[in-house]
Amino acid sequence: MASRFFHVQHEFRAGKSQQWWDAAQKAMAPGGGWDEAVSKNLQAGFFNHSFNPIAPEGPAFCIWEVQEGITDEQFQDFIDGPHGPDFGLGAFMNICREINVELAGNTPYPRKFV
């Protein structure tokens with residue numbers, strides 16, 4: 001078994017988009033902790049390969065990779081939790097779907113977890 005890839009659809013809850021964008025901009029600013037969070041997530045077995053917002057009010061689509069042994073439930077808990085892309089704000093409804101790499105013929109990105 002190898003790492004798995006997920007397509008995640010992030011839908012903003014009513015009235016939460018600006019709060020999320022403010023938190024995201026603060027986190028990504030110098031000294032905001034973004035690099036540390038990415039490193040901690042990688043150590044925990046989660047890696048975001050791409051973030052693809054459609055509009056400020058959403059939705060956004062991401063490709064995530066999870067380390068071998070992480071269950072669907074553990075991934076959903078991470079995505080919905082304070083260390084995931086929601087920053088613990090409750091701003092997102094996250095719809096996670098595993099990508100069938102057999103059907104695709106290959107992984108969407110080179111594996112981060114080997």
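Pro59 lies in the loop between S2 and strand S3, the latter covering residues 60-66, and a cis peptide bond with an omega of about -5 degrees joins Gly58 and Pro59. The model described here is a predicted one, and the values below are computed from that model.

**Overall layout**

The chain has four helices and four strands, and from the N terminus on these elements run in the order β-α-α-β-β-α-β-α. The radius of gyration is 14 Å, close to the 13 Å that the globule rule gives for 114 residues, so the chain is as compact as a globular protein of that length. Along its principal axes, the C-alpha trace spans about 40 × 25 × 20 Å. Of the 114 residues, 35% count as buried, while the accessible surface of the chain comes to about 6900 Å², with 54% of that area belonging to carbon and sulfur atoms.

**Salt bridges around Arg4**

The structure holds two salt bridges, and Arg4, Asp72 and Glu98 are linked by them in a network.

| Pair | Distance |
|---|---|
| Arg4 and Asp72 | 2.7 Å |
| Arg4 and Glu98 | 2.9 Å |

In the salt bridge between Arg4 and Asp72, the pair links distant parts of the chain, with Arg4 in strand S1 (residues 4-12) and Asp72 in helix H3, 68 residues apart. In the salt bridge between Arg4 and Glu98, the partners again come from distant parts of the chain, Arg4 in strand S1 and Glu98 in strand S4, 94 residues apart. Arg4 has a relative accessibility of 14% and therefore counts as buried, since that value is under 20%. Asp72, at 40% relative accessibility, counts as partly exposed, and Glu98, at 43%, is likewise partly exposed.

Asn94 is found in strand S4 and counts as buried, because its relative accessibility is 8%. The side chain of Asn94 makes a polar contact of 2.6 Å with the side chain of His10. Leaving aside neighbours within four places in sequence, Asn94 is in contact with Val8, Gln9, His10, Gln76, Ile79 and Asp80.

His49 lies in strand S2, which covers residues 46-53, and a polar contact of 2.7 Å joins the side chains of His49 and Glu65. When neighbours within four places in sequence are left aside, the residues in contact with His49 are Phe5, Ile63, Glu65, Tyr109, Pro110 and Lys112.

With a relative accessibility of 26%, Phe87 counts as partly exposed.

Met28, Trp34 and Val38 make a nonpolar surface patch of about 260 Å². Met28 lies in helix H1, which covers residues 17-28.

Conventions: Residues numbered from 1 in each chain as written. Predicted model: local features only at pLDDT ≥ 70, side-chain atom pairs only at ≥ 80, totals over all residues. Heavy atoms only, no water. Patch = residues over 30% accessible without salt bridge, like charges linked within 9 Å, V, L, I, M, F, W, Y side chains within 5 Å. Areas by Shrake-Rupley, 256 points an atom, 1.4 Å probe, with all protein chains shown as cover. Salt bridge = Lys/Arg side-chain N within 4 Å of Asp/Glu carboxyl O. Helix = DSSP H or I, 4+ residues; strand = E, 2+ residues; numbered from the N terminus. Rg over C-alpha atoms; globule rule 2.2 N^0.38 Å. Buried < 20%, exposed > 50% of the residue type's maximum accessible area, 1.4 Å probe, protein only. Polar contact = N/O pair within 3.5 Å; in protein donor to acceptor, adjacent residues only side chain to side chain. Contact = heavy atoms within 4.5 Å.
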